[in-house]
Each structure stands twice: as C-alpha cells, then as structure tokens.
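Here are my notes on the model, point by point. Please read them with the structure open.

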Amino acid sequence: MAQFKKVMIYFVIYALFLQLGLAYMIPTKAVYNERLSYDAVKDRPTNIEAVFEQVKKIIDEEKLKDYVVILGDSVGYSNPGPAESSFAYFLNGKAQKQSKHFRVFNLSMPAMQTGDIYTVLLKMKEYGISSDHVIINIVYAGFVRRNPDPPSVFWLKDQLKEIDEKTYNHVEKQLLGNKKVEENFIKKKFGKAKEYMYENVAIFKYKDYIQAYAIERFNKVRGKLLCREDIKPWFQKSFLKDLLKQPMYQRDFSDESFIMDETNLQIYFLDKIIALQKDKDTLVFLAAMNDELLEKNVSKPGFQENMNRIDLYFKDKPVEYINFNKKVDYNLFSDHVHLTPKGYQILSEKLWDVLIKWDID
Amino acid sequence: MLFHTFEFFVLLFVTFFSFYIFPKKRIYILALANIIFYGASGTRYLLLFLIVSLITYLCSLKLETCYWKIFYLIGILVVISNLLFFKYTGFVLNNLEKFMRIHFPWQDSLLSKILLPVGISFYTFQLIAYLVDVKRKEIKPCDSFINFWVFISFFGQLIAGPIMRGKEFLPQIENLQDNKLTLRNFKYGFYYIIMGLTKKIIFADFLASKADFYFNQVGNLNSLDAWFASYLFAFQIYFDFSAYSEIAVGVGYLFGLYLNINFKSPYISASPSEFWKRWHITLSSWIKDYIYIPLGGAKKGTLLQYMFLIIAMAISGLWHGAAWTFIMWGIYHGLLSAFHKIYRKWIKLERKNSFYKILSIFIFFNLTTIGWVFFRAKSIHEAVFMIKKMITLCDISFSHVYFVYFGFIALLYGIHILEYFIRNNEITLKLFWEKHVPTGIRAAAYMAILIILILLTKTEESSFIYFQF
C-alpha cells in the first residue's frame with residue numbers, strides 16, 4: 001500500500017507538471033505557424049483556445065509591444081496556399097526587412113463569419129491579446145440573405161454563448177437554423193463537460209496539435225510530401241466555371257438587394273465589432289472578386305448596387321475601409337475569390353501601406 | 001456510450017466514488033449509472049429495454065407457480081420478438097421480396113423508422129438465459145426488480161458482453177454491500193481497462209482503416225492482397241472485441257464484481273473446439289447450453305450431432321448480424337467443427353508432438369482467417385470472390401512490398417503470442433515490476449501510457465465492431 005501511495009503521488013506530480021508545463025513544452029509551430037492550423041480547429045473548434053494561448057506566449061516571450069492581428073475567412077487565411085504564402089508571412093517578412101519590431105498574427109479561419117470575428121475579438125481580450133491594431137477581411141457573400149445558412153457564427157457559437165450570452169441569444173435562432181439540436185439530455189450535459197475539459201485540460205487542449213505535428217514530422221522523415229491544395233491560377237482550372245454554377249456558389253454573388261440594417265446579422269455583428277474597436281486601429285477590407293470568372297454575376301446592376309451599399313455603410317464608420325474589388329489583377333486569382341501566392345503578396349503590400357501609418361514600431 | 005470516451009470515464013469516475021462513499025445505496029447507484037449509460041444512446045430505447053426487462057422479471061416470478069408454462073412462453077416471446085422486430089424485420093422483408101417476389105409498399109417507410117437498439121442482442125441472450133435457468137430451477141427468480149435491472153444492464157458489459165448468467169452474476173449483485181475496495185481489485189480494474197483501451201485505440205482503430213481500404217475494393221485485390229486484407233481484419237476484430245470485453249472486466253473489478261474473461265488468445269487454437277473455448281467464450285457457452293444441447297447435442301447420433309453443430313453455429317452467425325454473410329460465417333464454422341470431429345475419429349495422431357501442434361495452429365488460424373471474409377465482406381458474392389482468390393492463389397503478383405505486409409502480420413501474431421505470455425505470467429511479471437522498478441519510473445510509465453492513449457484517440461470516436469450486434 002505504501003508503494004502504491006508513492007506511485008500515486010508521483011503520478012499526481014507528473015500530471016500537474018504536464019498541466020502547467022505543456023503549453024511551454026510544445027513547439028509553438030505545432031499550434032501556430034503564421035496562421036492557425038485549420039485542420040486542428042475545424043474538427044474541434046475548442047482547439048482555438050490553444051492558438052490564443054500560444055499567440056499570447058509569443059507576445060510575452062518576445063515582449064512585443066506592438067502587433068497586428070488579422071481576422072477573417074479563407075481570404076484572410078490566404079487559401080489555398082501554404083502558410084509561407086499567407087498575409088502574416090509576407091507582412092512579417094516585410095517588417096523584418098524594414099527593421100520594424102512589430103509582428104503580425106493571423107487568426108483568420110476559412111468560413112469564419114463576422115460573428116466568429118466578433119467572438120475572436122472577445123476571446124483575445126480574455127487572453128490579454130491586444131486588439132489595438134486589427135485587420136479584418138470581409139466578403140460580399142457575408143451580406144447576402146442567410147437562408148438560414150450559413151450561420152452568422154460558423155465555428156465559435158459555443159464560445160460566443162459563454163462569453164457574451166446576450167449577443168448569442170440574439171442570433172441563436174439563426175445559428176440553429178435547420179440543424180438538429182441535441183435533444184438527449186444526458187448527451188447534452190456530457191457534451192458541455194467535455195467541451196470544458198478540452199478547453200481547460202492541457203493534454204486535451206493540445207492533443208490534436210501534437211497528433212498533427214507528429215504525423216507531419218513522421219512524413220518528413222519518410223520524405224512524404226504533404227498534399228497541398230491547388231494554387232494554380234484560376235484559368236488553369238477548367239472545372240471552376242461549372243462548379244460556380246452550383247446554387248451554393250451562386251448564392252455568394254446574389255444580386256438581391258442587401259438589407260443594410262441590424263436585421264441583417266452581418267450588419268449586426270459589424271456594428272458590434274466597430275463598437276468594440278472604438279479608438280483602435282482597425283482596417284476592414286472587402287475581398288476582391290474575379291471579374292473575369294464571375295462576369296455574368298458581377299455585371300448585374302443589382303450586384304453593383306449592393307457593392308455601393310457596402311461602401312456607403314463604411315463611409316461614416318470610424319474604421320479604415322478598402323474595397324479591393326476591381327483593384328486586383330484577375331491573373332492573380334486562384335479561383336473566384338481566393339488569390340495565388342503572388343496575389344496575396346501583392347495584397348500584403350497594399351495592407352502594409354495602411355498599417356505602416358499606424359502608431360506601431 | 002462508448003468505453004473510450006470522455007462521457008464514459010466521467011460516468012465511471014462518479015459511479016465509482018459514489019459506490020464506495022454511499023455503501024448502503026450501491027444498488028441504486030449502479031441502477032442509475034446503467035440508466036445513464038444506456039440512456040445516452042436514446043431514451044426511447046432505454047424505455048423499451050426497461051419494459052422488456054420488467055416483463056421478463058415479472059414472468060420469472062411466476063415460473064414457480066402452476067401457470068409457469070404460460071409465463072415462460074410470454075417471457076420468451078416478448079424477449080425474442082423484441083430482437084426479431086428490431087434486428088431482423090429488414091432482413092426478412094428484403095428476402096421475401098427477393099425470393100418470393102412479394103413487395104410490401106410500406107416496407108421502406110417502416111424500415112427507415114427501425115433503428116437497432118444498442119446491445120439488444122446481448123441483453124436478449126442474457127434475458128433468455130435467465131428465464132431458462134429459472135425454469136430449469138438452476139437459479140431462484142430474483143425477488144427485487146432493481147437487483148434484476150442491475151444484473152441485466154450492468155454498464156460494464158451491457159452493450160457487448162461478456163454475456164453473464166444469473167447463477168454467476170446475480171449473487172454478486174445481491175451482495176453488493178459486502179464489496180470492499182481492495183488494492184488488488186483496483187489494480188486489476190485499471191490493468192484490464194488500460195489493456196482494453198490499448199487494444200482498441202492503438203491496434204483496432206489503426207487496423208480498421210487499413211482493412212477497410214482493402215475490403216472497399218475487393219474487385220481489385222489479387223490473391224496476396226486478399227490474404228493480407230483477411231489477416232488485417234482477423235486482428236482488427238480480435239483487438240476490437242477483446243478490448244471491449246477486457247474493459248468490461250476491468251470495470252467489474254472496480255466495483256468488486258467478477259465478469260467472465262471472454263477471450264484467451266484465440267489465434268493459438270489448434271482446433272475449432274479449442275477456438276470456441278478461447279473466442280467469445282460466454283457466447284460459445286451460451287450457444288452450447290441454450291441451443292446445441294437442447295437440440296440434442298451428441299446424444300442423438302453422430303450425423304445429427306454434426307447437423308446440430310451446423311445449425312447452432314448458423315444461429316450464432318445470424319445473431320451477429322441480419323445478413324446472409326453472417327449466416328454463412330456461422331455455417332462455415334459449423335462445418336469446420338463437424339469436419340474436425342470426423343477427422344479426429346478417423347485419424348489418430350500423437351497429440352504431444354510439438355510440430356503437429358504448431359502445424360495445427362497454423363492451419364486453423366488460416367481457416368479462421370478465411371472465415372472472417374464472410375464476416376467482413378459486404379455480400380456473399382464478394383466473399384466468395386475473395387475466398388476463391390485466397391484458396392486458388394490464381395492471381396499472384398509478387399513484389400518486395402509483400403515482405404513488409406506479411407512481416408507486419410507476423411508482428412501482429414507476435415503481439416498476440418506476447419499477450420498470451422503476459423496473461424500466463426501475470427503474477428510473476430507483476431512481482432518483478434513492483435520489486436525492481438522504482439516507484440517514480442512506474443508512475444512515469446503509467447503517465448506515458450495515459451498520454452499515448454489520449455493522443456492516439458481519434459477526434460471522431462470509432463465505435464466497437466460488436467456494438468452493431
């Protein structure tokens with residue numbers, strides 16, 4: 001029995017060590033490498049907690065005074081290219097070249113909606129990550145009527161509920177949409193406890209990242225290259241035109257008149273974001289669209305009117321706003337809205353011109 | 001609720017502590033834990049399970065009266081109808097349509113509404129055994145429904161066995177208040193749970209994706225691929241199913257309850273009869289006691305005995321799944337058993353010869369592997385196609401990669417033998433571990449195992465194969 005007690009004591013000590021030390025033992029790159037790991041977060045959105053923790057760790061370790069955070073969807077994330085062709089990579093490279101001390105963090109994630117962006121801003125505050133300098137990417141599709149999809153908070157609805165229940169309650173009906181609510185009382189209760197564990201117990205918080213990192217290292221040793229998404233320019237992808245004819249894509253370029261009040265949840269969340277970012281450096285940019293590929297859609301008068309409505313909305317808002325539409329060479333698109341690595345590099349230059357005017361070093 | 005999930009461990013943790021903190025309320029604590037465990041799969045099916053259990057319980061109380069035949073019949077009918085309706089309606093209707101060309105217009109809408117309640121096959125067999133045992137006066141009917149409920153629904157073994165009998169398990173349930181938490185039980189409990197989790201998470205889940213890859217393209221397999229796929233599945237199903245049974249045994253130990261070991265290194269069997277004493281032991285003995293012997297067993301002559309064997313095994317196959325592939329798997333094993341009995345009658349060999357023993361194990365392992373093709377294939381057609389390739393070796397395209405593949409199978413077999421060795425030397429190894437390894441290193445080893453298990457658990461939880469039965 002005495003031996004058993006000793007083993008248990010050691011076991012508890014190791015467990016405590018793991019709980020307190022894992023965040024410092026894990027290579028930051030495993031969790032955050034110029035942007036978050038989409039694969040780890042998409043399967044379990046609570047995994048985003050580890051990203052906040054690691055970004056905060058970098059800020060503290062590097063004693064960063066100034067830094068910029070990019071928030072947005074797949075355009076902000078810089079899909080479909082690798083991390084080495086993303087906004088944060090280019091902007092950090094530029095900052096380094098010019099001997100600037102600030103860093104750029106990218107917390108964008110494909111499919112993020114403005115509701116997710118709002119939630120990330122609240123979470124950043126919770127983790128002590130400053131939102132003094134923020135770049136937000138939005139897309140035309142975000143203003144289109146939701147029917148009921150896509151949900152206005154795509155990934156982080158549980159986090160929003162926890163951190164700002166009032167806002168969550170306001171949008172809950174739309175979030176649940178056609179989705180089936182878990183009716184089983186037992187599963188519901190266990191589900192909540194499980195989420196809590198994944199948010200707070202270190203080994204669970206980092207489990208998916210360690211798994212992915214180990215696989216990546218193993219594959220490197222084996223000389224097996226990871227499958228990358230297709231980063232070719234759009235005109236080399238013959239399937240795109242037919243793909244975009246599908247209703248789910250056509251919805252994204254709808255010419256139906258935008259409703260520009262808070263009944264449109266895009267506006268509801270943008271208003272909240274702008275209020276949250278009061279007196280802070282905030283740049284909102286509207287992603288460009290591939291005019292060549294989407295000619296039939298973008299040439300519609302309704303589409304152009306909607307574009308004007310978006311511009312008008314931002315006209316009096318206390319944020320900087322850039323509408324990149326028609327400002328990006330169509331050769332730089334990899335599809336209808338995403339860019340090639342070269343495209344993201346050029347866009348980074350344009351973002352740099354704005355952020356360099358901010359009071360950051 | 002799956003064993004390798006957060007939900008299960010929370011339930012286990014809470015139940016374990018409540019069980020020892022409130023010794024007078026133990027039966028209620030276990031009854032509630034069982035309700036939560038099963039209720040997580042669906043409250044409607046929990047209700048169904050409770051009703052079927054209650055009817056069986058009430059019928060069993062009347063088996064000592066002069067109307068026992070009626071109540072026995074009612075009990076058996078309710079229990080079997082429940083299983084037949086939920087598990088075999090689709091199978092029967094589809095076959096009526098296929099062979100008799102009878103089409104029921106309501107068939108699709110009915111089948112879309114019928115979902116198989118988890119663990120129905122297991123609790124059905126346990127309920128039948130209980131009723132038969134009471135009727136045979138081998139046990140007294142349980143006089144408390146809550147005791148009966150805990151016996152029939154113990155969350156450790158409810159969904160995939162081991163199938164417990166009344167005479168083994170009911171006295172343990174009735175004497176719960178006497179159970180003390182001993183260090184031995186605690187250690188054994190965790191030993192079995194960790195052993196089961198390791199088998200499931202490290203081996204079974206890993207092999208599943210590989211086996212699926214091959215079985216999803218049966219048409220493209222050559223003879224060696226077919227053998228490799230079958231070996232993979234043989235080990236996948238072993239690790240998967242024995243994992244569940246071992247976790248069940250471990251859970252039992254934590255509550256001072258002793259469940260039967262269901263698997264004892266089955267692939268070292270040298271004959272069909274030995275295999276069924278090592279594979280899913282509680283099911284094999286159930287089939288023997290409640291089907292094979294009541295049919296006549298060995299008492300009605302050799303020919304009938306073989307026939308009863310084949311019938312009993314076919315029923316066992318059908319119990320596993322409502323498909324012809326499962327029935328064929330059962331018949332195949334029935335035939336193996338019958339042929340082996342004939343062989344033993346005709347050919348007398350010195351059994352102690354170790355070469356003969358190794359050869360027998362090798363041959364029987366490969367025969368079992370062929371049988372698994374029926375179990376895993378999507379259709380009889382696919383199974384026959386694959387087995388034909390395996391037996392005739394008609395399509396061999398050999399390359400050095402098969403050395404790696406079959407080396408991997410040899411490694412799996414080595415692990416299987418290692419498990420056999422560990423099991424047979426449990427106490428010696430335990431003593432060595434405790435005597436020669438410092439406590440700090442032991443604790444580090446336990447922590448390492450825990451971390452590996454957590455890290456290797458898939459994001460999407462994979463079910464146990466036997467949960468579908």
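1. Ser78(A) sits in the loop between H5 and H6 of chain A. Its phi is positive, about 75 degrees, although Ser78(A) is not a glycine. Most residues other than glycine have a negative phi, and most peptide bonds are trans. Helices here are DSSP runs of H or I with at least four residues, strands are runs of E with at least two, and both are numbered from the N terminus.

2. This is a predicted model, where local features need pLDDT of at least 70 and side-chain atom pairs count only at pLDDT 80 or more, while totals for chains, interfaces and linings use all residues. Residues are numbered from 1 along each chain as its sequence is written, and chains are lettered from A and ligands numbered from 1 in the order in which they are written.

3. Two cis peptide bonds in chain A deserve a look. One joins Asn79(A) and Pro80(A), with omega about 0 degrees. Pro80(A) lies in the loop between helix H5 (74–77) and helix H6 (87–97). The other runs from Asn147(A) to Pro148(A), with omega near -15 degrees. Pro148(A) is in the loop between strand S3 (133–138) and helix H8 (157–163) of chain A.

4. How do helix H7 (residues 114–127) and helix H14 (residues 265–276) of chain A pack? Their angle is about 25 degrees and their axes are 8 Å apart. (Axes are lines fitted to C-alpha atoms, for helices over the stretch in contact; angles run from 0 to 180 degrees between N-to-C directions.) That makes H7(A) roughly parallel to H14(A). (Under 35 degrees counts as roughly parallel, over 145 as roughly antiparallel, 65 to 115 as roughly perpendicular and the rest as oblique.) H7(A) passes H14(A) in a left-handed crossing. (Left-handed means that the near helix is turned anticlockwise from the far one by less than a right angle; right-handed means clockwise.)

5. Residues of H7(A) that meet H14(A) include Ile117(A), Tyr118(A) and Leu121(A); among their partners are Phe269(A), Leu270(A) and Ile273(A). (Contact means C-beta atoms, placed from the backbone, within 7 Å.) The contact divides into eight nonpolar, three polar and one charged. (Ala, Val, Leu, Ile, Met, Phe, Trp, Tyr, Cys and Pro count as nonpolar, Asp, Glu, Lys and Arg as charged, and the others, Gly among them, as polar.)

6. In chain B, helix H12 (residues 281–295) and helix H13 (residues 302–320) pack at about 135 degrees, with axes 10 Å apart. That makes H12(B) oblique to H13(B). Their crossing is right-handed. Ile287(B) and Ile291(B) are among the H12(B) residues in this contact, and Phe308(B) and Ile315(B) are among those of H13(B). The contact has ten nonpolar residues, one polar and no charged.

7. Helix H9 (residues 183–215) of chain B has 33 residues, so at 1.5 Å a residue it should span 48 Å; its end C-alpha atoms are 45 Å apart, which agrees. (Expected span is 1.5 Å times one less than the number of residues.) H9(B) bends by about 35 degrees at Ala204(B). (The bend is the angle between axes fitted to the seven residues ending there and the seven starting there.)

8. Finally, the chain contact: it takes 21 residues from chain B and 24 residues from chain A. On the chain B side, H1 (6–21), H2 (26–39) and H19 (439–456) each give two or more residues. H19(B) gives the most, with ten. By class, that side has twelve nonpolar, six polar and three charged residues.

Methods: Contact = placed C-beta atoms within 7 Å.
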